There are 2 protein chains.
Amino acid sequence: MSKIRIGIVGYGNLGKGVELAIRKNPDTALSFVATRRSPDSVKIATAGVPVYAYDDLKNHTDEADVVILCGGSATDLPHQTPELAKLFHVVDSFDTHARIPEHFAAVDAAAKETGHAAMISVGWDPGMFSLARLYGNCILPDGKDYTFWGKGVSQGHSDAIRRVKGVKNGKQYTCPVPEALEAVRSGAQPELTTRQKHTRLCYVVPEEGADLAQIEHDIKTMPNYFDEYDTTVNFITEEELLRDHAGIPHGGFVIRSGKTGANDEHTHVIEYSLKLDSNPEFTTSVLVAFARAIKRFADEKSFGCKTVFDIPPAYLSPLSGEDLRAHLL
Amino acid sequence: MSKIRIGIVGYGNLGKGVELAIRKNPDTALSFVATRRSPDSVKIATAGVPVYAYDDLKNHTDEADVVILCGGSATDLPHQTPELAKLFHVVDSFDTHARIPEHFAAVDAAAKETGHAAMISVGWDPGMFSLARLYGNCILPDGKDYTFWGKGVSQGHSDAIRRVKGVKNGKQYTCPVPEALEAVRSGAQPELTTRQKHTRLCYVVPEEGADLAQIEHDIKTMPNYFDEYDTTVNFITEEELLRDHAGIPHGGFVIRSGKTGANDEHTHVIEYSLKLDSNPEFTTSVLVAFARAIKRFADEKSFGCKTVFDIPPAYLSPLSGEDLRAHLL
């Protein structure tokens with residue numbers, strides 16, 4: 001059987017993660033990496049695989065079965081995914097929840113117009129957490145679901161800290177509140193405010209001579225990012241930051257609880273949780289599994305844009321339906 | 001929009017659970033109950049719904065969009081599901097893992113021959129736990145998965161206890177071993193024996209004058225059921241059994257842990273768990289959600305037998321793709 005040839009567009013944390021995930025999936029192979037930097041400046045980890053310029057991709061459309069877009073959701077993917085869905089079967093990890101409908105529409109139109117299969121918002125949230133929410137909602141319609149994130153590094157909040165005056169470097173962890181988690185797990189269906197669900201824990205390296213009280217105040221009162229949370233600010237040295245906070249761990253919990261019975265006397269709790277040492281490497285592990293599904297859709301000529309909700313789970317596996325039924329059902 | 005008309009075959013715990021689950025899903029309606037007992041002897045909880053004799057079902061094929069089979073896996077479903085797949089679109093909860101391939105083949109042939117959509121082995125294991133295993137295997141191919149059951153009542157083991165000489169009544173709980181669960185959650189991928197994963201906890205009501213030591217010995221040494229486990233036998237009165245052990249709770253855990261990274265330096269743990277007050281009511285909540293999917297397949301004329309692995313998750317929901325993307329993705 002020939003391998004699924006995967007192209008990577010963008011060679012940051014996600015691009016490098018896809019490259020590693022391909023090594024764990026023997027039915028896939030890396031066919032190229034594309035970048036908007038100068039291709040000569042990008043050294044990839046896989047020998048013998050070409051690096052192309054993004055603008056040159058139109059000359060390589062026959063070299064990949066599926067292209068995985070590894071750019072950012074803020075500025076890259078909104079134009080790259082529709083653009084590349086005209087050239088390739090594509091998968092992205094677009095994660096700006098509020099803008100998913102418009103992104104879906106743009107990718108769907110481009111893919112249908114040119115006969116490609118596409119998939120957006122693949123990863124763990126959106127992605128596996130979305131699936132946990134959907135399954136939970138459908139099985140227990142009389143219920144309530146809760147998503148908790150962490151403990152893990154939030155890139156957006158870490159960036160926000162680093163923009164504060166007097167801050168040299170910093171990292172922010174989002175932490176679920178243990179009491180809130182326990183209340184939800186009990187099946188009690190509590191009403192929880194933003195503050196009751198998560199806390200924010202910051203490790204900040206100040207510039208020399210900076211006003212620490214002012215930094216702490218500026219972080220804790222920052223609108224949208226911190227003002228609605230109980231935030232802790234710890235000042236540490238650059239050495240401590242690099243030694244103790246170099247990783248990108250993350251994770252979280254999707255919990256659905258609901259009632260059944262003639263008098264709603266029975267409570268059920270469904271919990272899906274992730275504990276991840278590397279957020280980008282897990283995200284890209286999900287991306288490669290779903291790339292397999294997009295190859296199947298492309299082979300079936302089922303074109304247009306999909307999400308994780310549209311994928312029969314069997315399409316994620318290299319095994320036959322017969323093997324899956326015999327060994328995993 | 002017209003409701004999905006559901007027929008129930010078999011009116012035990014599962015049949016009654018489907019009847020209750022239909023009330024929680026406003027896009028579904030109960031159209032009939034069928035039984036192999038005398039229809040007059042079966043009083044159902046829903047007013048105005050007919051009870052038919054099993055053998056009379058061939059005269060009512062236009063009255064249900066989907067029939068949910070609520071018989072037992074040992075003797076009912078192996079012949080009923082293929083039989084009824086010739087008359088209706090059907091869903092069952094066949095749970096004898098080892099015999100799934102032959103059951104699938106029989107149902108698939110019957111359904112294809114007569115133009116019906118069918119689905120077997122829907123519930124939580126097989127069912128939602130199978131999905132957790134499949135997603136976990138596909139996302140973290142370099143890993144290991146573990147399924148733990150309980151704490152919950154095992155019907156088969158409770159029946160086995162009641163067949164022991166001198167036993168009047170009894171109930172058996174399957175319990176995961178907390179230390180094993182923790183070892184798996186740590187990502188350590190331990191090798192665990194049957195004895196290390198679960199214990200068995202029995203509550204036994206002895207007949208008057210029975211030899212308690214003999215009962216305990218007979219239970220603990222029973223092949224297949226108890227001999228490979230650490231088993232605890234507690235003797236209680238019939239009143240205590242009825243008061244403290246009347247429910248049918250169950251649940252469990254599917255945990256997949258795996259490695260990523262250039263040197264396998266990152267560990268990830270995916271955990272899916274269920275805590276259920278009523279095993280049959282949760283199982284039937286799953287059945288009704290998947291009946292919705294079978295209606296979709298029937299409308300698309302996609303005939304033959306499916307399993308949970310073949311169902312796009314969106315098919316479980318009454319919501320449109322647009323609504324799902326906007327609110328659950």
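**Stop 1: the rings**

Across all chains, a search of the whole structure finds 13 aromatic pairs. Rings of Phe, Tyr and Trp (its six-membered ring) pair if their centres lie within 6.5 Å; planes under 30 degrees apart count as stacked, over 60 as edge-to-face and the rest as tilted.

A note before you click: this is a predicted model, where local features need pLDDT of at least 70, side-chain atom pairs count only at pLDDT 80 or more, and totals for chains, interfaces and linings use all residues. Residues are numbered from 1 along each chain as its sequence is written, chains are lettered from A in the order in which they are written, and side-chain values use heavy atoms, with hydrogens and water left out.

Select A:Phe32 and A:Tyr52. Their ring centres are 5.4 Å apart and their planes stand at 50°, so the pair is tilted. A:Phe32 lies in strand β2 (residues 28-35) of chain A and A:Tyr52 in strand β3 (residues 51-53) of chain A, so the pair ties together parts that are 20 residues apart in sequence. Strands here are DSSP runs (E, at least two residues), and helices are runs of H or I (at least four), numbered from the N terminus.

Are these two buried or exposed? A:Phe32 has 0% relative accessibility, so A:Phe32 counts as buried. A:Tyr52, at 13%, counts as buried too. Buried means under 20% relative accessible area, exposed over 50%, partly exposed in between (1.4 Å probe, protein chains only).

A:Phe88 sits in the loop between α2 (77-84) and β5 (90-91) of chain A, so its pair with A:Phe32 in strand β2 ties together parts 56 residues apart in sequence. A:Phe88 is buried. Together, A:Phe32, A:Tyr52 and A:Phe88 form one aromatic cluster.

**Stop 2: charges over rings**

Select A:Arg200 and A:Tyr229. A:Arg200 lies over the face of A:Tyr229, 4.1 Å from the ring centre. Next, pick B:Arg325 and A:Phe104. The charged end of B:Arg325 is over the A:Phe104 ring, 3.5 Å from its centre. The rule: NZ of Lys or CZ of Arg is within 6 Å of the ring centre and within 35 degrees of the ring normal.

**Stop 3: the two copies**
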